[in-house]
Amino acid sequence: MNELRIADPTLQDGVRMLEPEMLLLLAVGTLGDAAFEINEKSQLSSELQKDLEFSASFFDALIASRIIPETEDEILLLASCSYYLVDRPGSSLVMSKLRRNVETGTELERLLDWLLFDATEEWSESQTGERSLIGSVADATREHFLNGGDASEAISFAMDLRRRTYEGSSARELLLSDLVLAVLQKRFATSTWMTLPLASGLTKEDWRSILPDPGFPKQLWPAQLEIGRQGVFRGQSAVVQMPTSSGKTRSLEIIIRSGVLSGRIRVAVIVAPFRALSHEIASSLRASFRPSSRIAVNELSDLLQDDFSYELARLVAQLDSSKAIASILVLTPEKLQYVLRHNEALMRRIDLLVYDEAHQFDSGQRGVVYELLVTEIRDLLPDQAQTVAISAVMPNADDLSRWLLGDSSRVVDGSGLAPTARATAFAGWLEGEGQLEFYESLEFQRPDYSLGKVMDVVSLGKLGSERTIRRFPDLSKQLIVSDTAISLGLRFVNRGSVAIFAGTKATAAKIVRRVLEVFDRGLAIDSPAEFSDGKEVEAVAYLTELHFGERDYASRAAQLGVFAHHGNTPNGLRVAIEHAMQRELIRFVVCTSTLAQGVNLPIRYLIVSGTRQGKGQMSVRDFQNLLGRAGRAGMHTEGLVVFADPKAHSGHTGNRWKNSSEVRLLDPKNSEPMSSSILGLVKPFSSITMRQDSSAVDIVQVLFAYRRGLVDRSTIGSDALKELEERQAMVAVVESYLMASRSDVPFDSFRAHVVTLSRGTFAYDIASESEKQALEQLFLLAAEDLEAQVPELEKQTAFSRTLLGAREANYVYQWVQSNRSMLLEAQTPASILKLVWPLFAATTHTLSFQNVEPGEGLMALSVAWVEGRNYESIFELSSSLELTKPYGDKRQRLSTADITKFLHSTLSFDFTLVLSAVIQFLGDSEVLPENPLSLTLSAMRYGVPDPLAVSVYDSGVPDRAVAVIISQKLRADGYDGLSFREARVAHWGAIEDFVALLPECFRISFRSSDGPEAWEFRG
């Protein structure tokens, strides 16, 4: 309640703090019973476990209420103990960190606090003289965690301490001695010195070079213990369900270290479906595997060009020369597929393959790429290699495990081991006063408690010549949801980080604009910037200005400490926001489903402004992933999820309420099973009406009739066209897979192999009988098409390396043959872009690209992009060109969101696939990395104009605005080379002042102590 800035919580409607002293006694008694049972029986009964969970929550709530501030430090200690004994070490650590007057307690208090917080710092006695029994406990414990000393010695000292305390001390001291022994036993039971040798099949001596490292975990969390129990640290392949923030990256580190120590792993490959997630994983692993570990971490770029041959050659050289004992590659599915099509030999060296966010097989075109990649690798991977697939939410994990791992199928189910608690509240309004209805369980019969008067409507100032008084929150139909979300966020932010979830990028932008408006109108409340790190707010705001200009709403909102995080946010700005949120340097973001895509964006309060994405309802699985961001282990003890739409709660009663979409989303049992976008190709169309008796095979026939040009596009509505084009892109991925699988056998023999390939997919494994028949038909029709388009086997092999479909690859090939001389003569990205533009137009069927007028307008924007002009300049160019798109039977101007989506998606991804194919068909010998065509590929992907800017971007500063300015400053300082690694040392003075203005993540990257000299291990 304090987090809502309510002055006197005891006076609020619906809340009655009845005799907290009585509840406190009950909670303390429960904690004492739990400690006694652990000491006597080594484990808790399920009933006492549940009671202890209540005690931990009560202590936590009592601290937040500040009803008895004079005992806060003691309550914090009790809360820390309760959380620890109930297997929530992250929450225990949060409580322990909050204790301020550690040195003023008794020796037993100090010992208990020491055990909970670290247990490796040197113990100092309060009094000089002979070492006490308490000191002996501390010394033996410290020796164990630092050097693997005998744990039984510390236990023996603690038991003696408990026995002496029982002989004649106060009840308080008796409780503390019980807690010391219980916590100590729990610490040793989870100690990495005790657990890892057993879980990995190695000895303590094998681990001795790693476990004393201060950066390596001293204990395993519940999900990690379960992974160990299932044999994954010994090399067992498995599908792993791990709740968000339960220690995934640490688990990956332990899997790799176990394999390296045992000699099983020399090459590990980690596949992450999103570039941002790939970068985050690589950065975390680099921090864990420092250069001295001789385990190299290489993050390959997602450019579809041969920028990996050198890295792979260096990897092999490092391993063969023992310069590195192991190497880790982190990359996206598209990049790994591209690498394998050019260098299949890599597969024979892989000892560990990790698929992160493994449920993403049903994410459209990228899902098809991911599934076919895994299908392809499954048959190529050495028998002894370990495969680990990880996901937070996957109800049918058994299906994936059976398909992926076959006879060695194993599922590690950690879904019930969430490291933090989560509460849910629904906002509403009653007679102009905001209220919250809280639900602590998934029963949803009635609220567990309510809070009234949490929000008030206030008057805002007028702007310009306005006469009408505006109010906030505005309870009109148009604004009530967004204003409720904003009002709650502004009241929560003083206590922790806030994310307002919006279903679309447009809604997120509206919310950010509304925040700006209410502060412009003089809203009398502290902005989020007041509770954030001032320097970091200024730095991220400055970066925003570099992209959008100081007048843009995003730049002005950033000054208030309010930031947008969604698919159209520039890459460098997203990285800066994520880093600042992780470090709690900023506290307020408005985001879309990017929050659910695995990126570590820890938040305390998640405010949901809507549960629809685009035109459809958000899936339960995606929503559960979203919920996992609320309450980050080690940072928060609880996450709070608030639905801001009053209609979500007030309009429902009884069964109607229990069956509402919001309640359905909250129960993980309702999560949809993992599916397949390949299977989706034979599912009914959502925007095309077919006969009720139409079969899955009929759907395939419609799909290929359209693909073969047998359907008049002018007779199809825009929604149907969009759906057909989306499926065409997926069919092209299937064609590419078939071309890569083509051997020199006659086509009739290949047809039989095609059927086998279709049956090898996850889609086929989970399909119905009629769908299986349709999938076979789909693969066969795709094979017939590619045979008709590209009958030459050599061309099929070459075309498969482009990742394009047969039609598209053949068209590009023919075009290149006709324009070879002009391509080789072109010298700048802008001139190459103009030359290749007709090819892009002919091979890209994206409706948003085809329907823009005037036709040459998007090319002008693309040229501005590769010239490195910022978004503000590109938006102004679009306005001057009066670019429009269809809007019903009329036309409307392109929005900034339309332009950004085109630049980030169509130009940077779709068009780069085509240009990558152009480069391949010209021949590697004619297109070297420094060739203008290769530069253009990077320029299109990154939006930077020259090789030096590309080098800056690739060196760990993935921001186009920063890369362009750094390049300009280095050139002005006289540097004429192409390598930022080289220029960074000799010309640091030229960029130092500029770097000082940038967000912390970039300052760290520029000034990292493990900079250029360690990059040979960083990749």
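Buried means under 20% relative accessible area, exposed means over 50%, and partly exposed lies in between, using a 1.4 Å probe and protein chains only. By that scale Glu-882 is partly exposed, at 48% relative accessibility.

This is a predicted model: local features need pLDDT of at least 70, side-chain atom pairs count only at pLDDT 80 or more, and totals for chains, interfaces and linings use all residues. Residues are numbered from 1 along each chain as its sequence is written, and side-chain values use heavy atoms, with hydrogens and water left out.

**Backbone geometry**

Most residues other than glycine have a negative phi, and most peptide bonds are trans. Glu-882 is not a glycine, yet its phi is positive, about 55 degrees. Glu-882 lies in the loop between helix H38 (871-881) and strand E20 (884-887). Helices (H or I, at least four residues) and strands (E, at least two) are DSSP runs, numbered from the N terminus. Leu-803 also has a positive phi, about 70 degrees, without being a glycine. Its loop runs between helix H33 (793-800) and helix H34 (806-825). Leu-803 counts as buried, at 11% relative accessibility.

Two cis peptide bonds are listed here.

| Cis bond | Omega |
|---|---|
| Phe-472 and Pro-473 | about -10 degrees |
| Glu-853 and Pro-854 | about -5 degrees |

Pro-473 sits in the loop between strand E12 (471-472) and helix H18 (480-492). Pro-854 is in the loop between helix H36 (847-850) and helix H37 (857-866).

**Aromatic contacts**

The structure holds 31 aromatic pairs. One of them joins Trp-865 and Tyr-871: edge-to-face, 6.0 Å centre to centre, 65 degrees between the planes. Rings of Phe, Tyr and Trp (its six-membered ring) pair if their centres lie within 6.5 Å; planes under 30 degrees apart are stacked, over 60 edge-to-face, the rest tilted. Both Trp-865 and Tyr-871 are buried.

Which charged residue sits over the ring of Trp-865? The charged end of Arg-960 does, 4.0 Å from the ring centre. Arg-960 also lies over the face of Tyr-871, at 5.3 Å from that ring centre. The criterion is NZ of Lys or CZ of Arg within 6 Å of the ring centre and within 35 degrees of the ring normal.

Elsewhere, ring pairs link Tyr-355, Phe-361, Tyr-370, Trp-403 and Phe-762 into a cluster.

**Surface patch**

Leu-23, Leu-26 and Phe-54 form a nonpolar surface patch, with about 270 Å² of accessible area together. Areas come from the Shrake-Rupley method with a 1.4 Å probe; for residues, only the protein chains shown count as cover. Nonpolar side chains (Val, Leu, Ile, Met, Phe, Trp, Tyr) are joined within 5 Å, like charges within 9 Å. Phe-54 belongs to helix H2 (residues 46-65). Phe-54 is partly exposed, at 43%.

Conventions
Patch = residues over 30% accessible without salt bridge, like charges linked within 9 Å, V, L, I, M, F, W, Y side chains within 5 Å. Salt bridge = Lys/Arg side-chain N within 4 Å of Asp/Glu carboxyl O.
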